[in-house]
Amino acid sequence: MVRKDDIRQVDSVVRKLKLSREQRKLLHRAIGREELTYRELLELAKAIREDFPRK
Amino acid sequence: MIKTANIADELAAAEIRSALQGKRCWYAYSSVGCTFAVDLGRKIPRDGDEMKVTDRIRKRLESKHPHGVSPQEQEHLRFKGESHLLVWCSWRIEDAKGPLASSDSQADLCEKVVRQLIGKTVQRVEIRAGWDLCLDFSSGLTLNVFPDHVGQEANFDGNWELWRPDQAYLIGTDLTCDVIDCENRRLRPQPQKGRWQVKA
């Protein structure tokens, strides 16, 4: 199965920042194969929300 | 033989089939937790805001890979597929001899097998009850997707998504398909009842 802990972290960040589905899609692309800590993931998601704010 | 005759939204299913059938995969990548995405069909230039994000991705990649970003990767940072399939839930890819990898495989194997879809064309699309998705690709590869994030306690709020230039189809944890437009407005509300039926 998909690594539950990893995507649970993504879900948590998405909910915390209230990312849209399109921002979440871009976050998925941005993460790629990187192994990020929760804090790094949060910072990346914040940056994407700033870069892509309209939706 | 039992076949799915009616899923929650036949119209959405038909549109998804149409968006995938006959399309060639030109980019595929794996991401967090062995999730992955594929881009199919025409290459659509990314808009300005998306380019801001992909510029950020490019810088991150360049900082980690001193030899630079591959031409394929460069292309995907500038373009997106007319159909973008993003899989957050469980999946398996197999050929005629058997399974090659699944969402339970190690990350390196996931990446290697997912990338085998590049250059292949979707020859058959089947959507079954519960929004199970099966894509047969040229060269004999088959992708099976199994929505297993269900209910309010799901680890992740979603299963698989198909993105088109003008709208997206999102399979949720209640196993219904939300259709949203490019402004994130819901076009088709979830049906009130009758999530799916299996007919003999």
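**Confidence of chain A in the predicted model.** In this predicted model, chain A has an average pLDDT of 90, and 93% of its residues score at least 70. Among the elements of chain A, confidence is lowest in helix 1 (residues 4-17), where the mean is 92, and highest in helix 2, where it reaches 94. Where pLDDT is low, the predicted coordinates should not be read in detail.

**A salt bridge between chain A and chain B.** B:Glu73 and A:Arg29 form a salt bridge in which the closest N and O atoms are 3.2 Å apart. Because B:Glu73 belongs to helix 3 (residues 71-78) of chain B and A:Arg29 to helix 2 (residues 21-31) of chain A, the pair joins two chains. B:Glu73 has a relative accessibility of 16% and therefore counts as buried, and A:Arg29, with a relative accessible area of 6%, is buried as well. Over all chains, a search of the whole structure finds 27 salt bridges.

In helix 4 (residues 107-115) of chain B, B:Arg115 and B:Glu111 lie 4 residues apart, about one turn of the helix, and their side chains meet in a salt bridge with an N to O distance of 2.7 Å. B:Arg115 is partly exposed, with a relative accessible area of 27%, whereas B:Glu111 is buried at 12%. Through salt bridges that share partners, B:Arg115 and B:Glu111 are joined with B:Asp108 and A:Arg33 into one network. Elsewhere in the chain, B:Glu94 forms a salt bridge with B:Arg92, the closest N and O atoms being 2.6 Å apart, and B:Arg92 is partly exposed, with a relative accessible area of 29%.

**Helix 2 of chain B, its cap and its covering elements.** Helix 2 of chain B (residues 48-64) has 17 residues and should span 24 Å at 1.5 Å a residue, which agrees with the 25 Å between its end C-alpha atoms. The N-terminal end of this helix is capped by B:Asp47, a side-chain oxygen of which lies 3.3 Å from the backbone nitrogen of B:Asp49. B:Asp49 is itself buried, and the buried residues of the helix also include B:Glu50, B:Val53, B:Thr54, B:Ile57, B:Arg58 and B:Leu61. The elements that cover these buried residues include helix 2 and helix 3 (38-51) of chain A, together with helix 3 and strand 4 (79-87) of chain B.

Strand 2 (residues 25-30) of chain B is mostly covered, with 6 of its 6 residues buried. Strand 2 runs antiparallel to strand 3 (residues 36-45) of chain B, and 5 bridges join the two. Within this pairing, B:Tyr29 stands opposite B:Ala37 of strand 3. The hairpin has 5 residues between the strands, and B:Gly33 takes a positive phi near 60 degrees there.

**The surroundings of B:Arg188.** B:Arg188 lies in strand 13 (residues 186-188) of chain B. When its neighbours within four places in sequence are left aside, B:Arg188 is in contact with B:Asp9, B:Leu11, B:Ala12, B:Glu15, B:Gln167, B:Asp178 and B:Val179. With B:Glu15, the contact includes a polar one between the two side chains, at 2.9 Å. The C-alpha atom of B:Arg188 is separated by 9.7 Å from that of B:Tyr169, the two residues being 19 residues apart along the chain.

Methods:
Residues numbered from 1 in each chain as written. Chains lettered and ligands numbered in written order. Predicted model: local features only at pLDDT ≥ 70, side-chain atom pairs only at ≥ 80, totals over all residues. Heavy atoms only, no water. Salt bridge = Lys/Arg side-chain N within 4 Å of Asp/Glu carboxyl O. Buried < 20%, exposed > 50% of the residue type's maximum accessible area, 1.4 Å probe, protein only. pLDDT = per-residue confidence, 0-100. Expected span 1.5 Å × (residues − 1). Contact = heavy atoms within 4.5 Å. Polar contact = N/O pair within 3.5 Å; in protein donor to acceptor, adjacent residues only side chain to side chain. Pairing = 2+ DSSP bridges.
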